[in-house]
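I opened my notebook to jot down what I looked up in this protein. Here is the structure I had on screen.

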Amino acid sequence: MPRPRDLALMRRALDCARRADEADEVPVGAVLTDAAGQVLAEGWNSPVASRDPSAHAEIQALRAAGAALGNYRLPGTTLYVTLEPCPMCVGAIIHARVARVVFGATDPKTGAAGSAFGLLQDPAHNHRVSVEGEVLAEECGELLRAFFRRRRGA
């Protein structure tokens, strides 16, 4: 059972995902908090508009937090993201030393927190990240499914 704080912050990540959706980007949103649960940064997908393939929601949130804190290391933080992180984002999460990842929908094609790949849990890394998945999974997944239905014209 997810913690009330996790539910509230995943809802905030969903609000970020809706911002991506409004911009016709794949609707994924992310929120990064400090150890006390205070929001440090938010992000949403924007690779199309920014012409940057790395502009995933997680990367946007990590960049904003790093800039705000003046450090690329973000120890003790929790990243809330509406879709299971991909391999690229997992690399950034590990390098930033994020302590915990909470995600919504699983991604069986490219999810790197256990669905397609177990990169986030790989013991070869020198940093361990706690992972909790499928928090508000149905709501997160439905936002993505609706986006792709519109794209296909269904």
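**Entry 1: the fold.** First reminder to myself: this is a predicted model. I looked up the secondary structure and got five helices and five strands for the protein chain.

**Entry 2: size.** I then checked the dimensions. The C-alpha atoms fill a box of roughly 45 × 30 × 30 Å along the principal axes.

Entry 3: How much of the chain is buried? I found that 45% of the 154 residues are. The protein chain exposes about 7600 Å², with carbon and sulfur atoms supplying 54% of that area. I also looked at contacts with a separation of 6 or more: 57% of them link residues 24 or more positions apart.

**Entry 4: charges overall.** I have 18 positive and 18 negative charges in the protein chain, and their mean positions are 2 Å apart. Side chains of opposite charge can pair when their charged atoms come close. The salt bridge count came to eleven, and I picked a few to look at.

**Entry 5: Glu42 and Arg12.** The closest N and O atoms of this salt bridge are 2.5 Å apart. Glu42 lies in strand S2 (residues 39-44) and Arg12 in helix H1 (residues 4-22), so the pair ties together parts that are 30 residues apart in sequence. Glu42 is partly exposed at 27% relative accessible area, and Arg12 is partly exposed too, at 35%.

**Entry 6: Arg18 and Glu139.** In this salt bridge the closest N and O atoms are 3.3 Å apart. Which parts does the pair tie together? Arg18 lies in helix H1 and Glu139 in helix H5 (residues 137-152), so the linked parts are 121 residues apart in sequence. Arg18 comes out partly exposed at 32%, as does Glu139 at 38%.

**Entry 7: a network.** Last, I looked at Arg145, which forms a salt bridge with Glu138, the closest N and O atoms being 2.7 Å apart. Salt bridges with shared partners join Glu138, Glu142, Arg145 and Arg149 into one network. Is Glu138 buried or exposed? Glu138 counts as exposed, at 57% relative accessibility, whereas Arg145 counts as partly exposed, at 37%.

Definitions and conventions: Residues numbered from 1 in each chain as written. Predicted model: local features only at pLDDT ≥ 70, side-chain atom pairs only at ≥ 80, totals over all residues. Heavy atoms only, no water. Helix = DSSP H or I, 4+ residues; strand = E, 2+ residues; numbered from the N terminus. Buried < 20%, exposed > 50% of the residue type's maximum accessible area, 1.4 Å probe, protein only. Contact = heavy atoms within 4.5 Å. Areas by Shrake-Rupley, 256 points an atom, 1.4 Å probe, with all protein chains shown as cover. Lys, Arg positive; Asp, Glu negative; His and termini not counted. Charge placed at Lys NZ, Arg CZ, Asp CG, Glu CD. Salt bridge = Lys/Arg side-chain N within 4 Å of Asp/Glu carboxyl O.
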